[in-house]
Every structure is written in C-alpha cells, then in structure tokens.
Amino acid sequence: EPHLNVSKAKKFTVTEGKHAKFRCYVTGKPKPEIVWKKDGENIVPGRRFLIFEDREGYYTLKVMYCKQQDTGLYICAASNALGNTLSAVQLSVKGPPVRFK
Amino acid sequence: EVAGAPGAPLDVQSLDANKDYVIVTWKQPAVDGGSPILGYFVDRCEVGTTHWSQCNDTPVKFARFPVTGLVEGRSYVFRVRAVNKAGMSHPSRVSEPVAAMDPADRTRKGPSAPWTGQIIVTEEEPVEGVVPGRPRDLSVIEATKNYVVLSWKPPGDKGHEGVMYYVEKCVSGTDSWQRVNTEIPVKSPRFALFDLAEGKSYRFRVRCCNSAGVGEPSEPTEATTVGDKLDIPSAPGR
C-alpha cells in the first residue's frame, strides 16, 4: 500500500441529506483498476453509493442523501501492472440547519 | 450588453501546451464598439467543471497570453473577453480543450503507472425525480394474426434517467385499458404483442416510466383488427 499522509488529506464538508460527489482523474496504462474506500473498507456500490466513470472520464463516487456516519476518510485507489497509487479526502457531514418555529 | 463595448474576440486557441502553462492566442474582435480596445481578459475552466476563473488581473494588450498555475494532467478550455472604455465584451467562443502536460507525456505510448489527481468533492441538491411525459407518434407498424408490433418516440421532456415503457391494450368499443407488460417495463421504443384474440379489434397506448413514477399515456392508436389478412397501415403519403 502506498504511504498515505492522512493529515494532509483535503477536507470537505457537506450537509446532511444532500449528495456528495467525489471526482478523481486517473491516468495510467494499462487502464488502472479503481477502488473507492472509506476508512480503509472497500465501498460496495448500492442504492446510496453510486460508482461510475463520468462523461469526462473522471472516476466518480456519489454518496446519496449523506448521513452523519458518512463522515470519514475517502480514498480513490488505482492500480495496474506497473504500480498503485491513491488520493484521499476527508469528508465531514454537518447537520442540517436548525429551523426555529 | 454594454453599448459601445467591443465585440467578442475570435478564434481562441491554445498553443504550446505544457505541464505548467498553456499559451492562449486569439484574434481581435471584428468590431471595437467605436473606441479602441484597451486589452483582454483570459478565463479558464477545467473540463468537467462549470467554474470559470479569470487568469489575468489587468487587461493584456497583445492577443496572446501564457496561462500558468494549471494542474498537471487536467484539461482546460479558455475564453477571452475584450475591454474598451465603454466596458467589457461578451466572452469569445470557448477554445478546444487542452491537457496540461508535457508534449513527451502526451505522446508516450508505453505502459505507465497509475496517477490519481486530487479528489474534488461537491455537494449536490437531491432533486425530486420528474415523471416523464407522454410517448409520441405511437403507431402500429406491423399487424398479423399472430402479433402486432408497435413503435413510438420517447417524450421530448425525458428526464436525466433512463426512461422505460409500459404498453397497454384495450378492446375497441370498451374503455378498459389493460397493461400488457405488467412486470418489466421495456427499454426500447418498440414492442411486439402476441396472444391477441383473432377477429377482435384493439387500440394500444404507451406510458413512460422512470424511478420517479409512471407518466401519462400516449394518444391511443387507431383500432387494429387481428386477422388473417396483413393489416399494415399504408405508408405515409400513399
């Protein structure tokens, strides 16, 4: 596994209930295999986690309707026969604004 | 639109792309608006985003500008605005995209280790799904005693998601519509119906659906009789 300096990971904040879209540009030949991870665990695509390559060729992870527990370190890991590398970001999900009646 | 402002600059191109800079060139606008052009502003936008940022703080005089501060490996498009004492022109047409990379890397053929750019996170508003509109131009394109083939066009206001279809039939003279493909919506705008009762006459209609729901039905077809003779509608114009 490549060395990862977590403290240097860029931080992003999204609001609870909104979608968070992670986009990562990846190069390499042969075309690298991409794995998205959260806090070290592979993300399994599902109803709330969409994983796709967008029209511009960015590898994209979309977390739908973010919850507080989606807070964490997200990694896009790329590997091919010649090596592996990754990029990381820290996501925090903040509660929705409190509404006073 | 500012009266007296110049026209938009023309023919924006990027030359000599490199990993740290790209030289952007353009042609002066056809009209200067009545007073001399004081200079130009160059804007850049990373491909895949909609965020334009201005590259130079003060207008540049010459129709050529080296844009620096690019992220290696990312692609960019450029546009240029002209300014005179009356004000700013509309932006030019956008240049072709160019990647910020050394020419050697651009042409390198061999295998290369993976490289991952910085992950960019954006927040998106969950949009309520929009139920699609009615399919258009539904027609019976083939009819025999064994089957009937329907064809139609997707609705004009199709949402972002894949639209699928439900086909409905109705015995002529009644108003009881029955869904034919109850389980699985069809993906292509074409459907063959079997198991129609011979000698009976039917009308057909189609509804669109997506994850947001099922839309209004199309206009129903004319009544089609299931029979021995081929009941193909005549070609248009005949």
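Visitor: Over the ring of which residue does the charged end of A:Arg23 sit?

Guide: This is a predicted model, in which local features need pLDDT of at least 70 and side-chain atom pairs count only at pLDDT 80 or more, while totals for chains, interfaces and linings use all residues. Residues are numbered from 1 along each chain as its sequence is written, chains are lettered from A and ligands numbered from 1 in the order in which they are written, and side-chain values use heavy atoms, with hydrogens and water left out. A charge sits over a ring if NZ of Lys or CZ of Arg is within 6 Å of the ring centre and within 35 degrees of the ring normal. For A:Arg23, the charged end is 4.0 Å from the centre of the ring of A:Tyr58.

Visitor: Over the face of which residue does B:Arg179 lie?

Guide: In chain B, B:Arg179 is placed over an aromatic face, at 4.1 Å from the ring centre. The ring in question is that of B:Tyr166.

Visitor: How many aromatic pairs does a search of the whole structure find over all chains?

Guide: Rings of Phe, Tyr and Trp (its six-membered ring) pair if their centres lie within 6.5 Å, and planes under 30 degrees apart count as stacked, over 60 as edge-to-face and the rest as tilted. In chain A, ring pairs link A:Phe22, A:Trp36 and A:Tyr74 into a cluster. Over all chains, the number of aromatic pairs found is seven.

Visitor: What angle lies between the planes of B:Trp152 and B:Tyr165?

Guide: One of the seven aromatic pairs found over all chains is formed by B:Trp152 and B:Tyr165, with 5.2 Å centre to centre. Since B:Trp152 lies in strand S12 (residues 148-153) and B:Tyr165 in strand S13 (residues 164-171) of chain B, the pair ties together parts that are 13 residues apart in sequence; strands here are DSSP runs of E with at least two residues, helices runs of H or I with at least four, both numbered from the N terminus. Buried means under 20% relative accessible area, exposed over 50% and partly exposed in between (1.4 Å probe, protein chains only), and both B:Trp152, at 3%, and B:Tyr165, at 3%, count as buried. The pair is edge-to-face, with an angle between the planes of 70°.

Visitor: Why is the pair of B:Tyr202 and B:Phe204 stacked?

Guide: B:Tyr202 is buried at 5% relative accessibility, and B:Phe204 is buried at 0%. The ring centres of B:Tyr202 and B:Phe204 are 6.2 Å apart, and the pair is stacked because the planes stand at 20°.

Visitor: In what order do the three strands of the open sheet in chain B run?

Guide: Two strands pair if DSSP finds at least two bridges between them. S12(B) and S15(B) run antiparallel and are joined by four bridges, with B:Leu150 having B:Phe191 as its bridge partner in S15(B). The edge strands, each pairing on one side only, are S11 (136-143) and S15 (190-193) of chain B. The sheet is antiparallel, and its order is S11-S12-S15.

Visitor: Which residue in the hairpin of S3(B) and S4(B) takes a positive phi?

Guide: The hairpin of S3(B) and S4(B) has five residues between the strands. A hairpin is also formed by S1(B) and S2(B), with five residues between them and B:Asp16 in the turn at a positive phi of about 55°. In the hairpin of S3(B) and S4(B), the phi is near 95° and belongs to B:Gly48.

Visitor: Is B:Ser89 buried or exposed?

Guide: B:Ser89 lies in the loop between strand S7 (87-88) and strand S8 (98-99) of chain B. Leaving aside neighbours within four places in sequence, B:Ser89 is in contact (heavy atoms within 4.5 Å) with residues including B:Pro6, B:Gly7 and B:Arg81. With a relative accessible area of 6%, B:Ser89 is buried.
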